[in-house]
Amino acid sequence: MDQHLVDAAQRGDRDAFAELMRLQGGRLYAVAYRILRDPQLAQDAFQEAAIAAWRKLPTLRELDRFEAWMQRVLVHACYAESRKRTRWTATVRLLEVDGSRSVPATSAIHDRDELERGFRGLSIDHRAVFVLHHYVGLPLIEIAATLGIPAGTARSRLHYATEALRLALAEETSLVVAEERLA
């Protein structure tokens, strides 16, 4: 991250802050989407995080930690959005019907849907740790610092999230096998 941009933004330069958000916006939105699993909620969380970051930027002491600091602000915005909307809503996408679709493409859609259902079963705390570890690539120590939790708690949340996803996928697989036997 360009420390000159961070420094300028910290001194009130709106253009510098806009450039920082342009540089990091896609990645931050992707993290919010993976945590919240809803495009509108992710957009709201990203916007709230940007507003909070602009307001709190003068308090940032280590300019070289802007990226990690921004992720922390974003995750807290995701928590706030999740509390606002405790009920999940389905996102419906219209897919073109094409008889030439191959079985692997259908299988990939089924696998993605299984994973989505598994993610929806996780708490936001578990999703946040899972996404920060597996998508962002942060080590557990950094995740703990980002979320303001002990390292052991981050490790525990990652373990339980992984186990819950594994169980959800195993249950889905056993249901498919049972349905195939009945058919």
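Visitor: Does T146 count as buried or exposed, and why?
Guide: In this predicted model, T146 counts as buried because its relative accessibility is 4%, and buried means under 20%.

Visitor: Where does T146 lie?
Guide: T146 is part of helix 7, which covers residues 140-147.

Visitor: Which residues does T146 touch?
Guide: Setting aside residues up to four places away in sequence, T146 touches A68, Q71, R72, H76, L132 and L138.

Visitor: What about I143, which residues is that in contact with?
Guide: Leaving out neighbours within four places in sequence, I143 has contacts with V129, L132, H133, L138 and A154.

Visitor: On to the largest nonpolar core: which residues touch the most other members?
Guide: The core has 52 residues, and I35, F66, L132, I143 and L147 touch the most other members. The elements that give two or more residues to this core include helix 2 (14-36), helix 4 (66-84) and helix 7.

Visitor: Why would such residues gather?
Guide: In soluble globular proteins, nonpolar side chains tend to be buried together.

Visitor: New topic: how are helix 2 and helix 4 oriented to each other?
Guide: Their axes come within 10 Å and cross at roughly 40°, and helix 2 and helix 4 are therefore oblique to each other. The crossing of these two helices is right-handed.

Visitor: Which residues make that contact?
Guide: Among them are L20, L28 and I35 of helix 2, and F66, M70 and L74 of helix 4.

Visitor: And how many are nonpolar, polar or charged?
Guide: The contact of helix 2 with helix 4 has twelve nonpolar, three polar and three charged residues.

Definitions and conventions: Residues are numbered from 1 along each chain as its sequence is written. This is a predicted model: local features need pLDDT of at least 70, side-chain atom pairs count only at pLDDT 80 or more; totals for chains, interfaces and linings use all residues. Side-chain values use heavy atoms; hydrogens and water are left out. Helices (H or I, at least four residues) and strands (E, at least two) are DSSP runs, numbered from the N terminus. Buried means under 20% relative accessible area, exposed over 50%, partly exposed in between (1.4 Å probe, protein chains only). Contact means heavy atoms within 4.5 Å. A nonpolar core is a set of buried Ala, Val, Leu, Ile, Met, Phe, Trp, Tyr and Cys residues joined through side-chain atoms within 4.5 Å. Axes are lines fitted to C-alpha atoms, for helices over the stretch in contact, and angles run from 0 to 180 degrees between N-to-C directions. Angles under 35 degrees count as roughly parallel, over 145 as roughly antiparallel, 65 to 115 as roughly perpendicular and the rest as oblique. A crossing is left-handed if the near helix is turned anticlockwise from the far one by less than a right angle, and right-handed if clockwise. Ala, Val, Leu, Ile, Met, Phe, Trp, Tyr, Cys and Pro count as nonpolar, Asp, Glu, Lys and Arg as charged, and the others, Gly among them, as polar.
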